[in-house]
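Hi everyone, thanks for coming. Let me put the protein up on the screen, and then I'll walk you through its inside.

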Amino acid sequence: MEILVAVIALAGAILAGIATAALIQRLREESEGWLIAWIVALVGLCLSLAVIALGSFMGFGGVTFRIFQVTGSMLAPLWLAIGLVQLLAEKVPPRFLAWLLGSALTFVATVIMVWDPLKTEDMGKTLPRAVTHWNIVPSYLLTGVHAVAALVMLVMLVVAGVRWRNGDEYDTDNLHATAVIVPSGLALIGAMRFAVPGLFATVLLAVAAAAVWYCVLRPLAPYEDDEDDFDDEIPERAPRREERVPRERAMHHEGAPDERPMFRDEAPGRRRAPEPAPADLPPAPPRRSSGLGDLVAEYRAGDREVDYASRMAPPAPDDGGPSTGYIMNGAPPQRPDYKLSPAAPATGAVYPGADLFSPAQQQAASGRLSPNIYGMLTVFTLMDGAGEAFDRLAEATVEAVRRGEPDTLVYACHAVKSAPLQRIVYELYRDEVAYRDHMRQPHVERFVNDRQSMVLATNVIELDVNAAKVVPLPTVMY
């Protein structure tokens with residue numbers, strides 16, 4: 001039996017060593033707290049399994065027993081739990097507290113377990129039990145470490161489950177990893193606390209190392225962008241190492257925090273982490289756009305075929321409805337069946353007198369638009385369940401724009417029928433000065449700040465207006 005335990009322990013030590021090297025390589029690319037904590041746990045598991053293999057071949061003694069207890073019984077479960085806190089905590093205080101608690105317990109317990117005399121050093125080739133050889137102080141200290149580690153693991157499992165219910169794919173991955181680490185960590189604590197066969201305890205040590213390696217390779221692995229994806233496609237999972245666009249374009253507001261979820265890993269690494277200051281970000285190259293809005297994303301949102309060419313074509317000459325998808329010069333159509341009501345919900349801000357060209361230009365034969373007109377199309381991809389809240393916020397913003405921004409010529413928020421989680425905001429301003437004035441308005445600042453928790457990704461397309469017709473949009477009378 002001892003030979004079998006030694007072989008399993010040696011294989012487990014090799015596995016833990018390979019996993020440690022993989023995590024160190026990952027840490028060089030992503031400086032994440034959970035990686036550091038789990039590297040400590042894997043080093044402990046590797047040393048513990050190596051000592052078990054040696055002791056099962058040659059017999060255990062005071063040194064091998066202490067190394068096994070310090071690394072496998074104390075370090076491994078404690079730092080597995082600390083790693084879960086670093087993975088799931090979104091604020092600095094709990095992560096700092098976890099570091100402080102883990103470091104303090106590690107230092108105190110290691111000193112006591114290394115220097116406190118053992119009850120007896122008479123050991124054979126069978127895996128020795130802690131209660132047989134520890135005196136009262138290290139025994140109770142080890143019990144306290146196990147209790148803290150088990151409690152932290154259970155709490156983190158509950159936290160991961162709660163976030164998963166209303167979260168995104170990153171929360172799903174976190175729950176997956178937590179559901180693997182917690183059972184293996186609790187089983188490891190149980191094997192160290194209770195009288196179990198040495199073979200079973202050795203297998204659980206190896207399983208804990210394999211569980212960490214699996215989590216880093218699978219649920220916590222950084223997503224790679226598909227090389228065949230379209231340029232305007234939202235990144236599947238840029239390890240929160242994703243490329244940032246300039247602040248003013250990505251956020252549509254100067255000085256506002258980034259709306260993208262911090263791809264944990266927004267992802268480097270894998271946690272939603274604070275973004276660097278705008279001044280620290282390198283300038284991104286100009287983004288080329290087809291001017292077709294987000295038809296690519298709309299196509300990906302549904303499986304049915306869409307005739308995009310016909311949708312971009314101009315409306316029929318006899319169509320009296322408002323133009324959608326095509327803008328042209330001309331007199332507004334006469335629609336006596338529509339009644340305008342100031343009390344109707346705001347779907348867009350269009351000023352009746354705010355034509356896109358001056359009176360002198362209206363009378364000019366060429367009818368050419370002012371070259372100073374500034375346009376923008378912003379495509380928002382929303383979080384699940386955030387559509388109604390975003391629509392209410394956009395409606396209030398549009399109403400404020402309607403009342404107080406005469407130089408904002410068009411400001412409209414659109415829903416996308418085939419992509420329920422997308423919203424498109426179309427804007428036209430008399431010039432860039434009007435745009436900057438718009439961005440300084442309190443209601444715009446509120447719109448930018450309040451939508452952060454609702455928006456998953458933002459795609460900004462700057463526009464040049466070649467031809468246009470703008471009339472007040474029809475509303476319904478209540």
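Let's start with the largest cavity: 15 residues line it, and Pro128, Arg129, Ala191, Met192 and Phe194 are the ones nearest its centre. By cavity I mean a set of points, on a 1 Å grid over the protein atoms alone, where a 1.4 Å probe fits but cannot get out; lining residues have an atom within 4 Å of a point. Please keep in mind that this is a predicted model, where local features need pLDDT of at least 70, side-chain atom pairs count only at pLDDT 80 or more, and totals for chains, interfaces and linings use all residues. Residues are numbered from 1 along each chain as its sequence is written, and side-chain values use heavy atoms, leaving out hydrogens and water.

How much space lies in the largest cavity? About 140 Å³, taken as the space filled by probe spheres set on the points, with grid points joined across faces, edges and corners. Helix 3, helix 5 (130–133), helix 7 and helix 8 each give two or more residues to the lining, and helix 7 gives the most, with three. Helices here are DSSP runs of H or I, at least four residues, and strands are runs of E, at least two, numbered from the N terminus.

Now for the largest nonpolar core, which has 72 residues; Leu23, Trp38, Leu45, Met74 and Ile181 touch the most other members. Such a core is a set of buried Ala, Val, Leu, Ile, Met, Phe, Trp, Tyr and Cys residues joined through side-chain atoms within 4.5 Å. Buried means under 20% relative accessible area, exposed over 50%, and partly exposed in between, with a 1.4 Å probe and protein chains only. Helix 3 supplies the largest share of this core, 15 residues. Apart from this core lies another, of 22 residues, including Met376, Phe390, Tyr429 and Ala434.

Let's zoom in on one residue, Val212, in helix 8. Is Val212 buried or exposed? Buried, because its relative accessible area is 0%. Beyond its neighbours within four places in sequence, Val212 is in contact (heavy atoms within 4.5 Å) with Leu23, Trp38, Leu42, Leu80 and Ile181. Val212 and Trp38 are 174 residues apart in sequence, yet their C-alpha atoms are 7.3 Å apart in space.

Stepping back, the protein has 15 helices and five strands, and buried residues make up 46% of its 478 residues. Thanks, and I'm happy to take questions!

Technical notes. 1 Å grid on protein atoms, 1.4 Å probe; cavity = no way out; pocket = protein on both sides within 12 Å on 5 of 7 lines; lining within 4 Å.
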